[in-house]
Amino acid sequence: MILKRPLDSHRLRSALPPGFGWIDHRLLRQGYLQRCSPPALALYCLLVCAADAQGLSFYSEARAAQLLGLEPAALWQARRELLAAQLIAFATPLYQVLTLGGEEPPPTPRRQPPARVVAAPAPPPKQKAPAGPAPMEPPAPAGLDLRAMLKASLSQGGAR
């Protein structure tokens with residue numbers, strides 16, 4: 001059993017401060033993370049952070065694409081995925097982050113590849129695990145490589 005303890009006890013989260021956005025744990029527990037592409041999850045995160053208490057925000061397509069380092073077609077695809085997964089509602093220019101309901105996520109069609117795909121390096125061939133302590137870092141969920149996303153964003157000028 002893993003003993004959980006705060007790593008920085010001086011910065012513990014408590015009640016939600018004004019203007020703080022949160023991501024519902026059911027996004028992970030109900031499988032949305034595995035079913036949405038990284039651009040769709042990035043858009044969802046932006047909308048959660050920008051939303052007011054009712055989940056409403058109105059970032060323009062140009063600004064959202066700029067903040068996320070996405071081409072317009074990739075942003076549209078990400079929005080379509082979030083709409084199909086019933087995570088957001090959208091009526092130009094207004095977005096609404098929807099509450100997650102029930103125990104099972106709504107059925108969504110198998111996602112199409114994003115309009116612009118950045119190729120991640122091929123994983124190294126499997127080798128026999130060396131004897132010794134287990135690695136400290138847990139593996140990322142399938143299809144979600146945050147390091148590759150960050151490198152791709154930086155190489156495309158996404159972070160300024």
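A residue is called buried when its relative accessible area is under 20%, exposed when that area is over 50%, and partly exposed in between, with a 1.4 Å probe and protein chains only. At 3% relative accessibility, Ser57 therefore counts as buried. The structure is a predicted model, in which local features need pLDDT of at least 70 and side-chain atom pairs count only at pLDDT 80 or more, while totals for chains, interfaces and linings use all residues. Residues are numbered from 1 along each chain as its sequence is written, and side-chain values use heavy atoms, with hydrogens and water left out.

From the N terminus on, their order is α-α-α-β-α-α-β-β-α. Of the 160 residues in the chain, 26% are buried. Contact means heavy atoms within 4.5 Å. Among the contacts with a separation of 6 or more, 65% are between residues 24 or more positions apart.

Helix α3 (residues 38-50) has 13 residues and reaches 18 Å from its first C-alpha to its last, close to the 18 Å expected at 1.5 Å a residue; the expected span is 1.5 Å times one less than the number of residues. Buried residues in α3 include Pro39, Ala40, Leu43, Tyr44 and Leu47. Two packed helices are described by the angle between their axes and the distance between the axes. Helix α3 packs against helix α5 (residues 72-84) at an angle of about 80°, with the axes 8 Å apart. The two helices are therefore roughly perpendicular, a term for angles of 65 to 115 degrees, whereas those under 35 count as roughly parallel, those over 145 as roughly antiparallel and the rest as oblique. Axes are lines fitted to C-alpha atoms, for helices over the stretch in contact, and angles run from 0 to 180 degrees between N-to-C directions. Pro39, Ala40, Leu43 and Tyr44 in α3 meet Leu75, Ala78, Arg79, Glu81 and Leu82 in α5. By class, this contact has 7 nonpolar, no polar and 2 charged residues. Ala, Val, Leu, Ile, Met, Phe, Trp, Tyr, Cys and Pro count as nonpolar, Asp, Glu, Lys and Arg as charged, and the others, Gly among them, as polar.

Strand β1 (residues 56-57) holds Ser57. Beyond four places in sequence, Ser57 touches Leu47, Ala50, Ala51, Pro93, Leu94 and Tyr95. Tyr95 lies in strand β3 (residues 94-97) and is buried, with a relative accessible area of 1%. The side chains of Tyr95 and Arg79 are joined by a polar contact of 3.0 Å; such a contact is a pair of N or O atoms within 3.5 Å, of which, within protein, one must be able to donate a hydrogen and the other to accept it, and residues adjacent in sequence count only if both atoms are side-chain atoms. The C-alpha atoms of Tyr95 and Phe58 are separated by 5.9 Å, although these residues are 37 residues apart along the chain.

Ile88, in strand β2, is buried, with a relative accessible area of 3%.

Two loops show backbone features. Gln86, in the loop between α5 and β2, has a positive phi of about 60° although it is not a glycine. Pro93, in the loop between β2 (88-91) and β3, is joined to Thr92 by a cis peptide bond, with omega about 0°.

Note on methods. Helices (H or I, at least four residues) and strands (E, at least two) are DSSP runs, numbered from the N terminus.
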